[in-house]
Every structure is written in structure tokens, then in C-alpha cells.
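Hi,

Here is the structure we talked about. My notes on the contact between the chains follow below it.

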Amino acid sequence: MVLDDLRLSYGDTRALDGLSFEVPAGAITALLGPNGAGKTSTVEICEGYRRPDSGSVRVWGLDPQRDGAALRARIGVMLQDGGIYASARPVPMLRHLASFYAEPLDVDDLVARLGLDSVTASYRRMSGGEKQRLALACAVVGRPDLVFLDEPSAGMDPQTRLAAWDLVEQLRRDGVTVVLTTHLMDEAERLADRVVIIDHGRLVATGTPTELTGGSDVLAFCAEPGLALDSLRSLLPPGAGVLEASAGAYRVEGVVGPAVLSAVGDWCSAHDVVPRDMRTGRRSLEDVFLELTGRELRA
Amino acid sequence: MTASTLPGGLAPRPAAAPRGRILHTQTAAEIRMTLRNGEQLLLTLVIPLVLLIGLSKLPESVVSHSPAIDAVAPGILALSVMSTAFTGQAIATGFERRYGVLRLLGSTPLGRSGLLVAKTLGVLAVEAVQVVLVSAVAFTLGWHPQGNPIWALVLLVLGTAAFSAVGLLIAGTLRAEATLAVANAVYLLLLVVGGVVIPADRLPSALQPLVSALPSAALGQGLRDMLLHGQGLPLGAVGVLLVWAVVAGWATARTFRWS
């Protein structure tokens, strides 16, 4: 799937502002960004649901607008708001959707796999977790090539989330391409082969989670705000730097090894600084996002 | 969550079922949902039949026709079309839009166009049930319709087009709760002063020009002209219904939001 220079406005609001990226086949791609970044609009254009103001999308060479019928047979969609009749029960709803496809999954196997086999309530009376598992089942029942999951685990209980992740990982093992939107870092880190970070309708960064988080380590600690860092900088070995990311939260980035630890320790004792919550490790996607956009993902 | 993998796996085998089977499944589901929903049944069958029986007992002095059933039955047929094509369809579609059902089905091989076809076929099928039941009850009450029944069916189909277009216009633009309120309020208003059951010429004269331009009066009066007075296809009514169908259909195509 190739997206090229997508632009889309709703009135005065620019939802997508020249967004381009590619989605590799047979892998899980996570679109990551805060609410309002343009993730859902992007997915809607790829599904043929929305027409961009300009730019193009090709899915296996198909134009979602012009070749909608051919595309619809090959995609599965999980919506945030379910998309299921309020009066529908899991098995009849899935059998109904399955009848639209020539070779659908076995509905009994699918409901058993997702723990919906004992659910006889109508959709409006199901628990939140049951609703989301049913929405996920609806997305895969037609044996699609490409599955779009919009915030699949938003509001899921932990058990449901693990079941959903498990199914998504099986999709990848079985050769299905998965595109999911999320603002949850752990979801992207756990599932994604490729992460596409979007903010203000633009591509901010893309790569594997390792590529995005790799390259440098971090040593973070908290202390009183406004410390003069020049003296610490002069102690650090080459390739490491320090900054005050937010008031009282300090980050040393670069090659964090024993030399850095000892430099920070010496500096603290010389300046009578007591560091709290000191941790070292690889940067998280959250760190990367904060660094690239200056914004908290959850904002 | 009981098994760690799905027996047959999830390997892609994407292919749509034959178009005819898809449309058949969805149409059958639309009909089932209407006929199994208590509120929809009240609207589509109970109210028209109760009114048919109740109004047929009115004295000649009120209906100014004897037997009363001859004057009442055509209006009840018009009311049946209005309840299914307009009120019932608007409310169901409004909530399906709110819950994302339209959006989800539109992304399956059914597609948006298939969904519209299935909804239309579903409305026509429910109307066929209504026409059969209303006519059967009317015949037992001594109904003797005049005119050509084929032309009456043509007008019923035109009425369906006009009312569906207006119903979908509301369902595709307003919030689901607002659609529910508006569809019910308009139904009641048209039932009383829309010229459906009570002829427009029996309403206050100030209202008459306005009411005659409504699809409810066109359908109700058109059916009375044919089935009560034995006239041919009333071209005035055909014109009014066509204008409503085309104008509301055009507006719906431009404004309908699928989610």
C-alpha cells in the first residue's frame, strides 16, 4: 500500500497535510499519533470511505475510489464504534457478514477462539470487551488480505487486549497485512513491525520500533529544577549530552555506559545534588515521540 | 481465548460471494429486522389496521361517503407507505448510522450501493405485506375499490420513492435521536393535517394550497381519486411525488453522511 502526498481538509481544519508513506505487505504497521493527528482520516482514505482533496493511495495497485468493489472483497475493518446492529447477537451477526464472502472463516471456530461462543446477549447488552472482540471478529471473518484496526484496544480490559493481540499476531503469521491506529505505546512496541508516527497530518518519522528507539540510550533522573548543566556537560564522555526535558526532569542521551554513570555520580556529589528516580535504558517510543513533536502522546 | 490458534488458520482467501446472494441476504435481514422490531410493527401494521377498522365505523355524515371503508382504505394504504418508507426507514437508518453499521457494511462486498438497494427492496417487501393485510381487512369490511389496481401500485411506488428520499435525507444529516423525534413528529403531523387519511379539502382553507403540495396529500388524494372515484392515473399527484423524489433524492446524495 502506497500513500502519496495526501491532503484533506474539513472546512478550515487541515486533517492531512502532504502525508506519504508505504505499508509493507504481510506485516503489522502501526499509525501512531495523538488524537486529531490524522490517523483515522488516513485509514478512511485507504478504505475508500473518504476521498482526499489531493494525493493518491494505491492498494495492490488499486485505487480505493475507482476500484472500490475489488478492494472491499479483500479488506477487513474494525471500527472504534463497533458497526454492529444493536439487536444483533455474535453468531448471527458473523454468519450474516460471512455470507458476503465466498470462502469465509468458520464462524463457530472464530467465536470459540475469541471467547464469544457463550455470549447470547444482543450487542447493546454486551460488555465492552465482548463488543470489541465481536468487532475484531467482524474484521477477519471474510479472510481478508488487509485488515484495518482503528484503536483496537482502546478501553479493552487486559484479558481482551491479550486475546486481541494474540489474534493480530496470528494474522501476521498467516500472511495478512495489518494496519492499526493507536495512541498506546505498549501496543505499538509489542505488535508493530513498522511504526509510522503522524502529527498534524504530517509524517514525523517511520521505521521499525528498533530503528526508531535505537541509536542512543538514555539516563534519566529527577532533581531540583534549573540546575546549571554546563559543568556536567564538561564531565561527560564524547557522544553524550544532557538536557532538562521538563522542569526537574533531566536526561542524559548518547552512549550510556559506566563512564557516563560515573560522570553523573561525580557531578552530583560535587554539586550536592540528590537524584531521584534514576533509570537507564533504551529510549521508548514515547521518548521518541516527545523528542520529535514536543508533545505528549496522550495529550 | 480458549484455543491459541484458529484451526484453519487466518490465511487470506479473499473473494466476494455472488452479488445476488449478498443482496438477498441483506434484504432478508432488513425485512426481518423491521418485522421483529416491536416499535416498527406498531408503526407499520398496528396503527394502520387500527385506524382502518376504527375509521370504517364512522357515520356517513362524517366521512360523506357510504360505505365509509371505500373512502378510508385508500388513505390507509398511503399511510402504510409513509410509515415504512419514511418514518420506519429514517429511524432505523439514523441509528445504524450512529452505531457505525452503515460504515461497516459499506466497507464489505455489500458496499454502499448494495446497502441502498437492499434497503429499498426491504421497504418494498414490507409494503407488500402491508398492502396485502390492509386490503384483506378492508375487503372483509366491505371495500369495493374502483379503478385500475396497476395504476394504484404505480402511485404507491412513486410515493415510496418520495418518502424514502425525505426519510434518508433526515437520517443522513441529523443525529439519531433528532431523526427519531423528527420522523415521529412529521408522521403524526402528516397523519392529522397532511391530507393522507383526511382529504385536504376538508382542512382549513388556508392550509389547503400548502397541504396539496405535500407528498402525503398527493399519495392519499391520488389513491382516493383512483380507488374511490374510479379515475385514471392522477398526473398532478404523479408530478408532486416525482418532484419530491428528485429534489430530496438530490439533496440526500449531496448531504448524506455515512457515519
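Glu44(A) and Arg103(B) pair up through their side chains in a salt bridge, at 3.9 Å from N to O. Keep in mind that this is a predicted model. In total, 3 salt bridges are counted between chain A and chain B.

Which elements of chain A give two or more residues to the side that touches chain B? They are strand S5 (75-78), helix H3 (90-98), helix H4 (107-113), helix H5 (128-140) and helix H6 (158-173). H6(A) gives the most, with 7 residues. By class, that side of chain A has 23 nonpolar, 10 polar and 14 charged residues.

Now the extent of the interface. Chain A puts 47 residues in contact with 41 residues of chain B. The size of an interface is often given as the accessible area lost when the parts come together. Here the two chains bury about 3900 Å² between them. Carbon and sulfur atoms account for 58% of that area. On the chain A side, Tyr85(A), Phe100(A) and Arg143(A) lose the most area to chain B. Together they make up 21% of what that side buries.

Last, the layout of chain A. Domain 1 covers 2-212, and domain 2 covers 216-282. Their centres, taken over C-alpha atoms, are 41 Å apart.

Best wishes

How values were computed: Residues are numbered from 1 along each chain as its sequence is written. Chains are lettered from A and ligands numbered from 1 in the order in which they are written. This is a predicted model: local features need pLDDT of at least 70, side-chain atom pairs count only at pLDDT 80 or more; totals for chains, interfaces and linings use all residues. Side-chain values use heavy atoms; hydrogens and water are left out. Domain bounds come from an automatic or database domain assignment. Contact means heavy atoms within 4.5 Å. Buried area is the accessible area (1.4 Å probe) that two parts lose on being put together, summed over both. A salt bridge is a side-chain nitrogen of Lys or Arg within 4 Å of a carboxyl oxygen of Asp or Glu. Helices (H or I, at least four residues) and strands (E, at least two) are DSSP runs, numbered from the N terminus. Ala, Val, Leu, Ile, Met, Phe, Trp, Tyr, Cys and Pro count as nonpolar, Asp, Glu, Lys and Arg as charged, and the others, Gly among them, as polar.
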